[in-house]
Amino acid sequence: MEQKILLTECSDAVGLIARVTSICFKYNFNIVHQDQFASEDGRFFMRTVLSGIFANEDNFLSEIRQVLPPDAKVRLNGQQKRRLAVLVTKEAHCLGDILMKAYSGALNAEIVMVAGNYPDLGDLARRFDIPFHLVSHEGISREEQERRMCEVIDAANPDYVVLAKYMRILSPKMVAHYPLGKLINIHHSFLPAFIGAKPYQQAFDRGVKIIGATAHFVTDNLDEGPIIEQDVIKVNHRYDAATMAKAGRDVERLVLMRALNKVLDDKVFIHGNKTVVF
């Protein structure tokens with residue numbers, strides 16, 4: 001028996017769960033697990049883990065769509081490893097965690113390449129036999145650097161691009177080059193607080209008592225894309241900006257890994273500028 005995940009999004013209506021599960025029964029699929037949510041603005045989201053023999057997937061999906069509202073989006077995904085491209089600058093903690101988790105099997109992903117605007121993390125990537133590409137920003141325009149970066153990314157054909165402390169703001173043109181949901185960023189603050197550069201310095205200047213990290217999908221609006229995962233830790237008056245940053249690295253690493261696992265497990269739906277996370 002094989003397991004696959006049925007993802008359903010549509011306008012809310014009476015009896016949607018029964019309509020979908022009746023067709024699952026018709027095709028002799030066992031429902032291993034199911035989550036559903038109806039939003040206040042009338043959207044319905046459902047994630048259904050199915051077990052069975054998937055010999056007629058096209059017919060199955062066609063029948064599912066026939067019983068749902070016309071705006072329905074329906075996907076049936078396998079549980080194969082997804083391809084990740086990782087963008088970095090100089091900080092190693094998030095990249096190191098991704099590489100180790102993928103190597104050990106704790107992350108259901110294949111790291112197809114790492115690219116950075118500095119060479120600092122090339123040796124780390126190569127220790128895991130992952131190709132590293134230096135796409136420097138020095139001496140060229142931002143547009144040219146991004147064009148080269150997109151070429152490197154596209155050549156690797158990843159399912160997702162992870163900005164693992166990639167400390168460059170993406171232009172609207174580069175963001176638009178990829179569909180919403182493909183670019184995932186880790187931001188070193190508990191958004192919407194302290195957007196932009198030097199958030200730990202901003203937090204220190206404000207005298208905050210908690211600091212955090214946010215993993216989100218990338219949009220044109222800086223650090224304002226749909227949030228996938230967040231967490232915080234406590235700090236006090238003894239912390240300066242540097243010690244806040246040091247403490248925050250663990251939060252960044254954990255939040256990014258939780259977000260990646262949820263995305264890779266098809267537990268995240270984008271809903272406007274929000275997410276539904278099962």
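Reply: A salt bridge is a side-chain nitrogen of Lys or Arg within 4 Å of a carboxyl oxygen of Asp or Glu. This is a predicted model, in which local features need pLDDT of at least 70 and side-chain atom pairs count only at pLDDT 80 or more, while totals for chains, interfaces and linings use all residues. Residues are numbered from 1 along each chain as its sequence is written, and side-chain values use heavy atoms, with hydrogens and water left out.

Me: How far apart are the closest N and O atoms of glutamate 91 and lysine 165?
Reply: Side chains of opposite charge can pair when their charged atoms come close. Glutamate 91 and lysine 165 form a salt bridge, and their closest N and O atoms are separated by 3.2 Å.

Me: Which parts of the chain does the pair of glutamate 91 and lysine 165 link?
Reply: Helices (H or I, at least four residues) and strands (E, at least two) are DSSP runs, numbered from the N terminus. Glutamate 91 is in the loop between E5 and helix H3 (93-104), and the two residues are 74 residues apart. Lysine 165 is in the loop between strand E8 (160-163) and helix H6 (172-176).

Me: Is lysine 165 buried or exposed?
Reply: Buried means under 20% relative accessible area, exposed over 50%, and partly exposed in between (1.4 Å probe, protein chains only). Glutamate 91, at 25%, counts as partly exposed. Lysine 165 has a relative accessible area of 2%, so this residue is buried.

Me: Which residues are linked with Glu91 in a network of salt bridges?
Reply: Glu91 forms a salt bridge with Lys165. The network that contains Glu91 also includes Lys165, Arg249 and Glu252.

Me: How many residues apart in sequence are the parts that arginine 82 and aspartate 266 tie together?
Reply: The side chains of arginine 82 and aspartate 266 meet in a salt bridge at 2.8 Å, N to O. Arginine 82 lies in strand E5 (residues 82-88) and aspartate 266 in the loop between H8 and E12, so the parts tied together are 184 residues apart.

Me: What is the phi of aspartate 266?
Reply: Most residues other than glycine have a negative phi. Aspartate 266, in the loop between helix H8 (241-264) and strand E12 (268-271), is not a glycine, yet its phi is positive, at about 55°.

Me: In which loop is aspartate 129?
Reply: Aspartate 129 has a positive phi near 60°. Its relative accessible area is 70%, so aspartate 129 is exposed. Its place is the loop between helix H4 (122-127) and strand E7 (132-134).

Me: Which helix holds both arginine 147 and glutamate 144?
Reply: Arginine 147 and glutamate 144 form a salt bridge, with the closest N and O atoms 2.6 Å apart. The two residues are three residues apart, about one turn of the helix, and that helix is H5 (residues 142-156).

Me: Where does UniProt place the feature "active site"?
Reply: UniProt positions are given in the numbering used here, feature names are shortened, and annotations may be inferred rather than shown by experiment. The loop between strand E10 (210-217) and strand E11 (227-234) holds aspartate 223, which counts as buried at 10% relative accessibility. The UniProt record (unreviewed entry) places the feature at Asp223.
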